[in-house]
Amino acid sequence: MPADVDALLRGNLLLSALRLPDQALIKPHLELRAYQRGEALFETGEDVSHIAFPLSQCVAALVIGLQDGRAVETAAVGHEGAIGGVVSQGSLPAFSRAVVQISGSVLRIEAAVLQKIKQTSPGLRNLLTRYSDCLLAQVLQSVACNASHTIEARCARWLLGLQDRLGTDVLPITHEVLAELLGVQRSYLSRALRTLQQQGLIQVRRGRIIIMSRPAVEASACECHGAVKRHYEAVLGAVYNASGTLVSLHARTPNDGQVCEAV
């Protein structure tokens with residue numbers, strides 16, 4: 001690991017939320033890797049040998065490939081979380097593909113090593129279990145959203161989720177990628193984005209979408225973004241700043257009553 005490992009840990013809210021003794025257990029086993037957009041962390045059916053913790057503005061998506069060639073997103077993971085079998089007993093075949101959508105770096109640890117550390121650390125085990133519950137909530141809410149809400153509302157929800165992770169109004173996402181993640185044809189998405197732009201909520205530029213009014217986009221989105229956000233707050237103690245960016249996590253450990261916190 002690089003000498004500035006403590007600075008890297010602060011780039012991921014889950015790792016930052018660990019108490020110092022638990023960080024000391026995990027730090028020697030972490031590996032820094034950089035990924036470009038479109039690179040896979042793991043493929044469907046592949047044994048997930050490593051757990052990845054995205055840093056800073058790196059964002060990955062869990063996607064399901066369909067027989068007609070489409071690949072629909074089921075969840076997004078950024079600096080708030082981890083990708084891989086965080087609560088499993090080791091390497092297991094991946095049900096989905098994990099692909100990087102916003103380029104950046106991750107800290108990786110071997111799944112078998114993390115499992116051994118969890119056996120000695122109730123705090124780490126508790127935090128990762130809570131996070132897994134929140135990730136499952138995101139997947140379940142995504143299923144309900146895709147079945148029930150308009151493309152415009154789903155698009156607004158997705159843009160809010162990305163802004164939560166990046167902390168910027170300028171979102172580096174293209175029509176093609178967003179249409180693929182939402183599982184819709186590009187022409188349908190273009191109409192939805194045009195509607196949102198005409199309402200003054202966003203501006204669409206080449207290779208990026210700009211949020212013009214966060215409150216207005218929140219009002220236009222379905223209830224799904226707020227439902228997942230509230231679950232993160234209840235289960236992981238997630239804290240969001242005034243602009244909506246997720247800035248810290250904290251979770252109570254089961255044995256000592258202390259709070260793990262990341263700021």
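In this predicted model, the secondary structure of the protein comprises 10 helices and 13 strands. The radius of gyration is 18 Å, close to the 18 Å that the globule rule gives for 263 residues, so the protein is as compact as a globular protein of that length. Its C-alpha trace spans about 55 × 40 × 35 Å along the principal axes. Of the contacts between residues at least 6 apart in sequence, 70% join residues at least 24 apart. Buried residues account for 50% of the 263 residues. The protein exposes about 11,900 Å², of which carbon and sulfur atoms supply 52%.

| Core | Size | Residues named |
|---|---|---|
| Largest nonpolar core | 50 residues | Leu41 and Tyr131, those with the most contacts inside it |

Leaving aside neighbours within four places in sequence, Tyr131 is in contact with Leu14, Val77, Glu80, Gly81, Ala82, Val86, Tyr232 and Leu236. In soluble globular proteins, nonpolar side chains tend to be buried together.

Helix α4 spans residues 111-120, and its buried residues are Ala111, Leu114, Gln115, Ile117 and Lys118. These residues lie on the same side of α4, because they cover an arc of only 165° around the axis. They pack against α3 (20-26), β3 (50-54), β7 (104-110) and α5 (122-148). The face of α4 turned away from this buried side carries the exposed residues Lys116, Gln119 and Thr120.

Technical notes
Residues are numbered from 1 along each chain as its sequence is written. This is a predicted model: local features need pLDDT of at least 70, side-chain atom pairs count only at pLDDT 80 or more; totals for chains, interfaces and linings use all residues. Side-chain values use heavy atoms; hydrogens and water are left out. Buried means under 20% relative accessible area, exposed over 50%, partly exposed in between (1.4 Å probe, protein chains only). Helices (H or I, at least four residues) and strands (E, at least two) are DSSP runs, numbered from the N terminus. The arc is that of the directions from the helix axis to the C-beta atoms. Contact means heavy atoms within 4.5 Å. A nonpolar core is a set of buried Ala, Val, Leu, Ile, Met, Phe, Trp, Tyr and Cys residues joined through side-chain atoms within 4.5 Å. The radius of gyration is taken over C-alpha atoms; the globule rule is 2.2 Å times the number of residues to the power 0.38. Accessible areas come from the Shrake-Rupley method with a 1.4 Å probe; for residues, only the protein chains shown count as cover.
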